Amino acid sequence: MDAMETLVHETLAEHAADAPSDDRLLAAVTGAPRRRPWLAGGLAAALVVGIALGAVVLRAARHRADTAAPPLPAGARSVSYHGITLDVPSRLRLNYQPCLPPRNEVDIFIGEAISCPPVSHPESPRTVVELSPYRFRGNYRSVPTAVDHVPGGVVSRGIGSAQWRGVTRPTGVILAPSAGVVVAVTAPKRATIDRILNSLRLTPTDAFGCPGRAPTEPESARAGLHPISADVCVYSTLGPGTTDSLVASGQLAGRDAVVTANAVRDWIDQTRLALPSAQLYRITFRYADGSTQTVAVPNTAVTAQTHALLVPR
Amino acid sequence: MLVADEAFTAFVQAQGTGLLRFAYLLCQDRARAEDLVQDALVKMLRRWRAAGVADQPVAYARRVVVNEHLGWRRLRASGEVPGTVEITAPDDIDAIGDRDRVWRLMATLPARSRAVLVLRYYEQLSDREIALLLGCAEATVRSIAARAFSTLRVHVLETEEA
């Protein structure tokens, strides 16, 4: 094999591990519960099944399972960025592009202070999560990483030490080239780094149905009067190459959903101001009759209250 | 109403993982891979006692999975979007980046080309076995593989030189 053939062989071998599990395969075909191989000989003599029904039921169950969000650890919340989702401590706050050029490698900073983290806290060990475009992975070249499988795909992951503005700190790094993302984590406790690193999954959409990158919306629609809830995706619109990153998401219910719908309607009816905005909101309103309506508006259209609920700072 | 006998059950338990991996590499979609393998196994079970099926079940299953996949691709031809792969990070490349790029490039190849690469470099089949499975001549297999590699090389080199 030449180099390219070897590369193809390695690529296929690596990605084969991402294939779905065969746990439910036999049940899907026969409707039978899965058995251990050592039991199979004795039990499998006469399985009489309705094949079509079994397959349909299993597929429905599988699709439900695929869309269900995993339970979140206590004291944690999920953050999404491009095609990844992480669980981080709830106390951490979030900032977009905290470092102005020329040090603008970091797209999103999640930490215990709102500023450019290396400048503000060069010596104090705090929990900091940096999310950056993949092209900046070289910043963490000193951290040894190994190919590792995570839900949804393959990443390169490891823990070592890296320089944070001249100070060497324990640092966890995840390189996720398929999502175009580098994650760097430092924290006072190694267990915190481990927990954050191990929570990463590659997700086309997050727990609130938000795509990792902003979809192109044809036009903003007028929200209805009385939504019972609103699923909100917040996308960054700042900076070259980062204009469509999912940076926050969540669900508003009851009065919060109604207030948001009113704000969106007012904006569409009265102003439609094309002011520069830091974020794009994609909001799916849900109504009591089961219908839904999705709108796309700049953050200038949404109340400060909504913003505070979704983007803790 | 069909009967899954001991041999069929043992076959699914022994080969299920391999078939799912094979199907996933063909279609690069986990849900679709499950559907492909389930459909193939249902077809196999219906014909389990027919000549040739139980004798060479792995070969038969692979053939059904490939044919289902190629048929499905034909049905939704609009889903085939060759040449639209987005290649990022053109600077110094590490190994995982290379494999990720090849994986995404393979998604842009015609389904038949990808099937040839998977059969040759994952299942380790000879060109003769691939030709039998796909129902074409050995020369056709070699031609498909050569075109696929030409595409991969051009894109990988372009990226490395960028």
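Visitor: What percentage of the 313 residues of chain A count as buried?

Guide: This is a predicted model, in which local features need pLDDT of at least 70, side-chain atom pairs count only at pLDDT 80 or more, and totals for chains, interfaces and linings use all residues. Residues are numbered from 1 along each chain as its sequence is written, while chains are lettered from A and ligands numbered from 1 in the order in which they are written. A residue is buried if 20 or more other C-beta atoms lie within 10 Å of its own, exposed if 12 or fewer, and partly exposed in between, with C-beta atoms placed from the backbone. For the 313 residues of chain A, the buried share is 37%.

Visitor: What share of the contacts in chain A between residues at least 6 apart in sequence joins residues at least 24 apart?

Guide: Chain A has eight helices and 15 strands; helices (H or I, at least four residues) and strands (E, at least two) are DSSP runs, numbered from the N terminus. Two residues are in contact if their C-beta atoms, placed from the backbone, lie within 7 Å. Of the chain A contacts with a sequence separation of at least 6, the share joining residues at least 24 apart is 58%.

Visitor: Which pattern does chain B follow along the sequence?

Guide: In chain B, 38% of the 162 residues are buried. Its secondary structure consists of seven helices and one strand. Read along the sequence, these elements give β-α-α-α-α-α-α-α.

Visitor: Which residues in the largest nonpolar core touch the most other members?

Guide: A nonpolar core is a set of buried Ala, Val, Leu, Ile, Met, Phe, Trp, Tyr and Cys residues joined through C-beta atoms within 7 Å. The largest one has 52 residues. Beyond its neighbours within four places in sequence, A:V183 contacts A:L86, A:V129, A:L131, A:V173, A:I174 and A:L200. The members that touch the most others are A:V129 and A:V183.

Visitor: How many residues are in the second, separate core?

Guide: In soluble globular proteins, nonpolar side chains tend to be buried together. The second core includes B:L25, B:V65, B:V66 and B:I130. Its residue count is 45.

Visitor: Which residues of α1(B) make the contact with α1(A)?

Guide: α1(A) passes α1(B) in a right-handed crossing; a crossing is left-handed if the near helix is turned anticlockwise from the far one by less than a right angle, and right-handed if clockwise. From α1(A), the contact takes in A:L12, A:H15 and A:A16. On the side of α1(B), the residues are B:R21, B:Y24 and B:L25.

Visitor: How many charged residues are in the contact of α1(B) with α2(B)?

Guide: The axes of α1(B) and α2(B) (residues 30-46) come within 8 Å and cross at roughly 140 degrees, and the crossing is right-handed. Among the residues that make the contact are B:F8, B:V12 and B:L19 of α1(B) and B:R30, B:R32 and B:E34 of α2(B). Ala, Val, Leu, Ile, Met, Phe, Trp, Tyr, Cys and Pro count as nonpolar, Asp, Glu, Lys and Arg as charged, and the others, Gly among them, as polar. The contact divides into twelve nonpolar and no polar residues, and the charged ones number three.

Visitor: Is B:Q124 buried or exposed?

Guide: B:Q124 lies in the loop between α5 (111-121) and α6 (127-134) of chain B, and its phi is positive, about 60 degrees, although it is not a glycine. Most residues other than glycine have a negative phi. Because B:Q124 has 9 C-beta neighbours inside 10 Å, it counts as exposed.

Visitor: How far apart are the C-alpha atoms of A:S80 and A:L200?

Guide: A:S80 lies in strand β2 (residues 76-81) of chain A. With 25 other C-beta atoms within 10 Å, A:S80 is buried. A:S80 and A:L200 are 120 residues apart along the chain, and their C-alpha atoms are separated by 9.6 Å.

Definitions and conventions
Axes are lines fitted to C-alpha atoms, for helices over the stretch in contact, and angles run from 0 to 180 degrees between N-to-C directions.
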